[in-house]
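Student: Hey, could you walk me through this protein? I'd like to know what to look at and where.

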Amino acid sequence: MNTRDTASHGAFQLTWGRPSGMLTLRDWLAHLARTGRLATIDRPVALEHELAAIAKRLDATQAAFFTKPGGHDVPVVSGFMSRRAWIAEAMGVAEADLLKRFRDAADQPIPSKEISRAEAACQQVVHTGGIDLHKLLPIPTHSEHDNGPYITAGLVIARNPRTGVQNVSINRIQVHGPDRMAILLLPRHLYAFQKAAEEAGDALDVAIAIGVDPLTMLASQAISPIDSDELEIAGALHGAPLPVVKCVTNGVNVPAFAEIVIEGRILPNVRELEGPFGEFPKYYSAQEAREVIEVTALTHREKPIFHTIVPAEMEHLLLGAIPREATLLAHLQRSHPNVKDVHLSVGGVCRYHLWVQFEKKREGEAKNVILCAFGAHYDIKQVVVVDTDVDVHDPAEIEWAVATRFQADRDLVVIEGAQGSPLDPSTTVGQPEDAPPHLQGVSAKMGLDATRPVVYASHVFTRVRIPGQDTVNLDELVAADNAAFDSYLGGAHG
Ligand code: MN
């Protein structure tokens, strides 16, 4: 296990990650507040649209903390991990070490530690029976055409019915009854668990943890194999076993420090209409029949905080990007050790467009890297491979590499009819509106090899640089005022 460094933000020293300290959502919000990055909205705000509109205006600038959302006394927070630098800070590393830190945690998970219900903050208050989520929780309606209130920042935790190992994912959840919700299951681990339970005629027990720290949020998005428990990756990011507690109405273990936990079961062979809902690609998902969760309990801390992610905000995009980048980098490096860095671009909604920095040794290798990336995650739709002299985090650098090192007739890879993101609206063109799930998301893949040849005439592909540009000390060189300029002209301007 790696030892954690502390990161500094101004004079403030972060202490979590040390054996004594574990980062909670409350610690993190208090830290943001102390450093001018938390905006408190201390007046009544409507849950329908108004709350999301304010959070959106503060996106990537300040987290928004609403003390009076929709007449509730439970506050709502949004946007507390909306910059890469903030996320690095929470992880206690420099921004350049973000992916390495996440990958180390994914490679060396730390098993969680089960604690008693009496010790678990998330069960300080327990509701079973007669639950009305609309009355108990401030659940916002975000976008113009959303079909009502949605839980967007809930860690959905369930056990594999075959192995008992837990999985964590974030799924959008429409709350359409007092104790009834519809959930979108994309074809990954939770989906497989539900299908296995349903085939046996069983409900799948689940828990939805709302209000956890940035590290646990990030861990939930790791692209790890089935039967790898993402809470153990969260433990590794914290540098200590994550304290978990058994739910009060089922056998799922949840982070004990979560602000709010909804317990329930995904019913077999029941589907109810869900959507439309404005998603991360900045389009609406259509209304479709989805799996249904029946709520069995609601537990929470005293004075809980409800977290909502406003869809397509930077918090939403980065939450997808960083764990994916880390795991995609690891995946690519297993076959291609000369892959140096990757970036999921913001323009590609931090999911679809992957930029890869690669030290090519032999011709053709960049195309192997492209094919490897397509296989790593179905969301990857476009891959651009660039050389190590190109900054893979800078869109202008990528465009420059494509403009000057790429020829479409020889450097383009197109794969037809692969599986892509079902949330990409261009995959629906030519399909009937009621296409069944197994026909959805069919997508072409495009790869651009924007690397220069391994061997080239130096005057052709050598990047223009001005010697000394990076080391010039402007503070020393530039005069405090323009007196010398004025004196040279002797006041006779014009
Ligand atoms: Mn998983």
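Predicted model: local features only at pLDDT ≥ 70, side-chain atom pairs only at ≥ 80, totals over all residues.

Student: Okay, metal site. Which protein atoms are the donors of the manganese ion?

Tutor: There's OD1 of N167, ND1 of H189 and an OE atom of E230. They lie 2.1 to 2.3 Å from the manganese ion.

Student: What spacing do those donors follow along the chain?

Tutor: The pattern is N-x21-H-x40-E. H189 is in helix α6, residues 189-199, and E230 is in helix α8, residues 230-238, so this pair ties together parts that are 41 residues apart in sequence.

Student: And is H189 buried or exposed? What about E230, buried or exposed?

Tutor: H189 is buried, at a relative accessible area of 12%. E230 counts as buried too, with 3% relative accessibility. The cut-off for buried is under 20%.

Student: Where are Y150 and F277 in the chain?

Tutor: Y150 belongs to strand β8 (residues 150-151) and F277 to strand β17 (residues 277-278), so the pair ties together parts that are 127 residues apart in sequence. Y150 is buried at 0% relative accessibility, and F277 is buried at 2%.

Student: Which charged residues lie over the face of a ring?

Tutor: K195 lies over the face of Y191, 4.6 Å from the ring centre. R463 does that with W400, at 4.2 Å from the ring centre.

Student: Which one links distant parts of the chain?

Tutor: Look at D379 and R324, whose side chains meet in a salt bridge at 2.8 Å, N to O. D379 is in the loop between α10 (365-376) and β23 (382-386), while R324 is in helix α9 (residues 314-335), and the two are 55 residues apart. Both D379 and R324 are buried.

Student: And what does R410 do with D411?

Tutor: Their side chains meet in a salt bridge too, at 3.3 Å from N to O. D411 counts as buried, at 7% relative accessibility.

Student: Which residues are linked in a network of salt bridges?

Tutor: R172, E274, E279, E288 and R290. Within it, E288 forms a salt bridge with R290, and the closest N and O atoms are 3.9 Å apart. E288 is partly exposed at 21% relative accessibility, whereas R290 is buried at 12%.

Student: Which residues have a positive phi although they're not glycine?

Tutor: K282 is one, with phi of about 75°. K282 is found in the loop between β17 and β18 (284-285), and counts as exposed at 56% relative accessibility. C350 is another, at about 55°. C350 lies in the loop between β21 (339-344) and β22 (353-358), and counts as buried at 0% relative accessibility.

Student: Last one, the surface. Which residues make the nonpolar patch?

Tutor: V472, L474, L477 and V478 make that patch, about 410 Å² in area. V472 is in the loop between α13 (458-461) and α14 (474-477), and is partly exposed with a relative accessible area of 44%.

Student: Great, I'll go and find V472 in the viewer.

Terms used:
Residues numbered from 1 in each chain as written. Heavy atoms only, no water. Donors = N, O, S within 2.8 Å, 3.2 Å for Na, K, Ca; no water. Helix = DSSP H or I, 4+ residues; strand = E, 2+ residues; numbered from the N terminus. Buried < 20%, exposed > 50% of the residue type's maximum accessible area, 1.4 Å probe, protein only. Patch = residues over 30% accessible without salt bridge, like charges linked within 9 Å, V, L, I, M, F, W, Y side chains within 5 Å. Areas by Shrake-Rupley, 256 points an atom, 1.4 Å probe, with all protein chains shown as cover. Salt bridge = Lys/Arg side-chain N within 4 Å of Asp/Glu carboxyl O. Lys NZ or Arg CZ within 6 Å of the ring centre and 35° of its normal.
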